[in-house]
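Me: Please show me the structure, and then let us go through some questions on it.

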Number of protein chains: 10
Amino acid sequence: MKFLVRMDIRVPEAMPADDLAALQEAETAYSQGLQRGGEFQHLWRVAGQYANYSVFEVESNERLHELLTGLPMFRYITTTIVPLATHPNAIAR
Amino acid sequence: MKFLVRMDIRVPEAMPADDLAALQEAETAYSQGLQRGGEFQHLWRVAGQYANYSVFEVESNERLHELLTGLPMFRYITTTIVPLATHPNAIAR
Amino acid sequence: MKFLVRMDIRVPEAMPADDLAALQEAETAYSQGLQRGGEFQHLWRVAGQYANYSVFEVESNERLHELLTGLPMFRYITTTIVPLATHPNAIAR
Amino acid sequence: MKFLVRMDIRVPEAMPADDLAALQEAETAYSQGLQRGGEFQHLWRVAGQYANYSVFEVESNERLHELLTGLPMFRYITTTIVPLATHPNAIAR
Amino acid sequence: MKFLVRMDIRVPEAMPADDLAALQEAETAYSQGLQRGGEFQHLWRVAGQYANYSVFEVESNERLHELLTGLPMFRYITTTIVPLATHPNAIAR
Amino acid sequence: MKFLVRMDIRVPEAMPADDLAALQEAETAYSQGLQRGGEFQHLWRVAGQYANYSVFEVESNERLHELLTGLPMFRYITTTIVPLATHPNAIAR
Amino acid sequence: MKFLVRMDIRVPEAMPADDLAALQEAETAYSQGLQRGGEFQHLWRVAGQYANYSVFEVESNERLHELLTGLPMFRYITTTIVPLATHPNAIAR
Amino acid sequence: MKFLVRMDIRVPEAMPADDLAALQEAETAYSQGLQRGGEFQHLWRVAGQYANYSVFEVESNERLHELLTGLPMFRYITTTIVPLATHPNAIAR
Amino acid sequence: MKFLVRMDIRVPEAMPADDLAALQEAETAYSQGLQRGGEFQHLWRVAGQYANYSVFEVESNERLHELLTGLPMFRYITTTIVPLATHPNAIAR
Amino acid sequence: MKFLVRMDIRVPEAMPADDLAALQEAETAYSQGLQRGGEFQHLWRVAGQYANYSVFEVESNERLHELLTGLPMFRYITTTIVPLATHPNAIAR
């Protein structure tokens, strides 16, 4: 079951550079783990913004919630979520 | 070069059923042709709405314009377009 | 898996009264069938508006899409959809 | 009399972790008390967001106000409130 | 129990003048009946617009829905509804 | 001449409790003085929010400005203002 | 007492050219009458749009309502209204 | 060449009262100088808000930019700008 | 003096194809005339939409209004207008 | 390939004047370097606001992202991005 998620990130200006670097490193590790596991299928930057569009493939809304709130930077992320369904015109790959 | 495109479709209520069927058939053929050609990489329905999210891989904005305005139903579609870029956290597939 | 769906209904002014009555009767039958089947768990009017909030319990986004687009009045309905998850503070019932 | 309430929560970044934990514990106790008492009938998370949808069954707008402003986290919550009414198509349960 | 209701009215341009006059006459009779009955407590025009703000005092959301959907012009009215509560600073009258 | 005013209040989180109490006490006194004087005719809470709807009866826009900016909490209030006019369907009271 | 009024005009596409010309002529006469009478103090086009900003000087909201709803094109105009007050920094003229 | 400018002012809460008074004094002097010079033709308060509508008469967009960014409080002002043109229905004064 | 103008075009669905073709031909001729004359400096399509961004260089707001309302398709165009000024960081060309 | 980018700049109020001056100097150098290199083709101020419209000519979305996120003030800039395409009515220059 797929969901399109837009994430807009806004880190507090006062966060020390070291803390930010550590946070981003944790984010990378977490994100790549999910991608390798198959539940995080696409990840694209929004060109020119500190934001991304992601596609998740999960078994339930609960799992989606768990994955997103587990993001190390979740506190600084505004999410917009769209449930997707198979399109009859989509060709098999 | 990737673009995320949301399409919201609104067909005139007065359109005869046959015209609509012919239009949708043309749309399917056009869409699947682009998908087979590689420029139309993803196509998902928005669950519960007459709308979709699509990802195009094109060589230029001009080509994106050409593809979208070539949609048989273009006149009845409202597009929202986001240029995407590679995300450093995305793993190779 | 639960989804909260808001439906705003707008029927064309020119629709003959008989057609509208038939449409609403079909809507009632369809809606109550889904409710009896367990996938349509809650249905409330928005007080003072031709709109409702509904809660669906479905196995997938695909099924949600199928249920909603199957509404006899779907063409005249604007849907707003929010995926829900279990809340840790909710007590068992 | 039912009301659908969306709550978006935003806790100040500077709040010490202990204070936050105590606040959340108080919120859980308050929320579950209301649920047991029958006035707080449904509580769902918005998947992927620090937000929820709740349905209250109260005798008056005054009581709704009292319940919501009594939330320990009320100060950090943005509420959106929709009065609900019985839907003629809803089946008895 | 009070509700503030904003009504924005938009009558179809094609409605014959006689029909419109009859509709407005029915609206006046209905509105004044409710006002005399005590459930429709205030009615003000929005200066410079075909719109009004109304305050209803009803026993339930169901009754509010019944009153509003009973308006002869309901089909042409967009409603915005705010549940009100007693304000502690309000003086008795 | 009547004006409908919505006030949304947002007090700085850092304000000491004593200062807030003093401010609210001053607000109550000011508000009730205007109500007794006849220029502040209605005051209702928005159920479930730190906000109110007020109706003022003043001789001019200048007087409205003077009354509102004189609110002890004015600095923390966002106002939305709608000029009202007599409605021809309103019955005399 | 001054009010700033923005008017956005949208005439039905099907209106015959003669009817439109007659309507606009009536609008001009009405508008200039009010300007000569002193209640309609300023009238500017919004550059590049079928819209204007107007300043009215009237004795009451009721009078403002009367003037605006008396516009021959009122039915095709969307109004946005802001009550103005004297600014302490404004110099006498 | 005329421009309608709305200015919404929001001064930081932490600004010491003396600094604010000095800033407002400078603003008054600057504003009145422009008004006397003829480029700042109208200045009205928005009733009930810390905001104003102003009309500037300048020879170019560059000059408008220069005047507005020269406001002592510019940093705390959100501007909304509408280019105006002569209206054919406006009478000569 | 430069203005950035966004134009969103929406032609009535019922317009006969011949009328539309004639209208578009007139639009092209008008647009290219202005471009050759130097007042219409840039014209770009919005990729994937029936819309454009244009930059005009005119001597006054009145002239801008004259140029835009002279567009053969003006009636079907929604304009959004931003006055531009020279940027100090822009290099000479 | 062209992109229209609007940038709204908001610098933290607490930033020391020296830091701000250094930041703006770096911004100027960076911006002018890109302009000289041909990828940054137009730069205009929004009259009366701390904002600009820019046109970039880049070979890809990735390059656009790289240029924008490289802006020394990027952290304080909100970007709005529109992909442009050649307009058939544009004349050659």
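**Contact of two chains**

Reply: The contact takes nine residues from chain C and 11 residues from chain E, where contact means heavy atoms within 4.5 Å. This is a predicted model, in which local features need pLDDT of at least 70, side-chain atom pairs count only at pLDDT 80 or more, and totals for chains, interfaces and linings use all residues. Residues are numbered from 1 along each chain as written, chains are lettered from A and ligands numbered from 1 in the order written, and side-chain values use heavy atoms, without hydrogens and water.

Me: How much area do chain C and chain E bury between them?

Reply: Buried area is the accessible area (1.4 Å probe) that two parts lose on being put together, summed over both. Of this area, 49% lies on carbon and sulfur atoms. The value for chain C and chain E is about 760 Å².

Me: Which residues of chain C lose the most area to chain E?

Reply: Three residues together make up 61% of what the chain C side buries. They are C:E13, C:A47 and C:G48.

Me: How many salt bridges does the rule find across the interface of chain C and chain E?

Reply: A salt bridge needs a side-chain nitrogen of Lys or Arg within 4 Å of a carboxyl oxygen of Asp or Glu. Across this interface the number found is zero.

Me: Which residue in β4(F) does F:R6 stand opposite?

Reply: Strands β1 (residues 2–9) and β4 (residues 77–86) of chain F pair in the antiparallel sense over seven bridges. Strands are DSSP runs (E, at least two residues) numbered from the N terminus, and two strands pair if DSSP finds at least two bridges between them. Opposite F:R6 stands F:T80.

How values were computed:
Helices (H or I, at least four residues) and strands (E, at least two) are DSSP runs, numbered from the N terminus.
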